Amino acid sequence: MSSQCEAAAARAAGAPLGFFERYLTLWVFLCIVAGTLLGLFAPAASQAVGALEIAQVNLPVGVLIWVMIVPMLMKIDFGALHEIYQQKASMGVTLFVNWAVKPFSMALFGWLFLKHVFAPWLPAGEIDSYMAGLILLGAAPCTAMVFVWSNLCGGNPNFTLTQVALNDLVMVFAFAPIVALLLGVSSIPVPWDTLLLSVAMYIVIPLAIAQLLRRRLLARGPEVFQAALARIGPFTIVALLATLVLLFSFQGEAIVERPLIIAMLAVPILLQTLFIAALGYWLNHSLKVRHDIAGPSALIGASNFFELAVAVAIVLYGFDSGAALATVVGVLIEVPVMLALVKLVNNSRAWYARGLPHN
């Protein structure tokens, strides 16, 4: 990575927690309330928005999703991929946990709790849809918020950018096959054409646009690039919240009638988050990886690219589906849980350093 790009990357990864990010859980809760009330008291308006579709893609949501993810994908520096060799052990942990463990452990937790433990209290016709939502969450490791978690735990900014870039590259090729495999194992029909369309629309095309914008802005200097990110960054959260309002406007009646469903969906998501973070952290410690590398390595898998999961759930199964609801529950619990994990990573620094060379 060039010195200019390296400086820009460090500032991007080291940016302080913004106003929207700091209170994201509150905003998500308020949007859930607003969307639910909208669905209860103005169902015609919600249905009118939901009818604006082309090729199974809702146009308002499609626009909002792109506004969400393009600013985040602009932070990815594929030129940093050559730095993989400098942190081979931790990068191996990241790839192993995110792609060989995480999607399958999420499917396992979902199968255990939704199809067995909580099955008597869940609507039988929706269980497969809830499972699909959990699978989508498990197959999408974090792209954007990991920059925040890395900063809060003192993570190495260049490593954070490198692992995110590598994960995004893998995601382009692995997301659809893994999701299709796990949906098939769960006996859920796999709409391959819609799934591949989702990968193109929500990974490949926005990633290409984001990288083109990144190159053009960096050509004018890292200061111009950072200023542009600062201006457009808040639109990511605003678009996410607007999407949640629309989503919950379709879920309003079901939420009011069955409020415990959200709590039951939160259990496997919470256990998955804790398991993946612990596994990544322990593997890095066993391989004697530095703490400022181990922190972001563990947290990238624990966090989810929930924007992608929400978007694909909506395209595959619809606004009012159990899959869409399950992905949104992931958004609801992610921020407080990840902040707690950051605190654990920071508080365990002394334990982690024991037995490591040069610490």
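Among contacts in the chain between residues at least 6 apart in sequence, what percentage join residues at least 24 apart? The figure is 86%, with contact taken as heavy atoms within 4.5 Å.

Some ground rules before we go on. This is a predicted model, where local features need pLDDT of at least 70 and side-chain atom pairs count only at pLDDT 80 or more, while totals for chains, interfaces and linings use all residues. Residues are numbered from 1 along each chain as its sequence is written, and side-chain values use heavy atoms, with hydrogens and water left out.

On to the overall picture. The chain has 16 helices and two strands, which are DSSP runs numbered from the N terminus (H or I, at least four residues, for helices; E, at least two, for strands). Of its 359 residues, 57% count as buried, meaning under 20% relative accessible area, with exposed over 50% and partly exposed in between (1.4 Å probe, protein chains only).

Now for the interior. A nonpolar core is a set of buried Ala, Val, Leu, Ile, Met, Phe, Trp, Tyr and Cys residues joined through side-chain atoms within 4.5 Å. The largest one here has 116 residues, and F175 and L308 have the most contacts inside it. Helix α15 (residues 322-347) gives the largest share of this core, 15 residues. Apart from it there is another core, of six residues, including V97, V101, L279 and L283.

Helix α8 (residues 145-152) is worth a stop. Six of its eight residues are buried, so the helix is largely enclosed by the rest of the structure. The buried ones are M145, V146, F147, V148, W149 and S150. After α8 comes G154, with a positive phi near 70°.

Finally, the rings. Rings of Phe, Tyr and Trp (its six-membered ring) pair if their centres lie within 6.5 Å; planes under 30 degrees apart are stacked, over 60 edge-to-face, and the rest tilted. There are five aromatic pairs in the structure. One of them is F109 with F275, edge-to-face at 6.2 Å centre to centre and 75° between the planes. This pair links distant parts of the chain, with F109 in helix α6 (residues 88-117) and F275 in helix α12 (residues 260-286), 166 residues apart. F109 is buried because its relative accessible area is 18%, whereas F275 is partly exposed at 35%.
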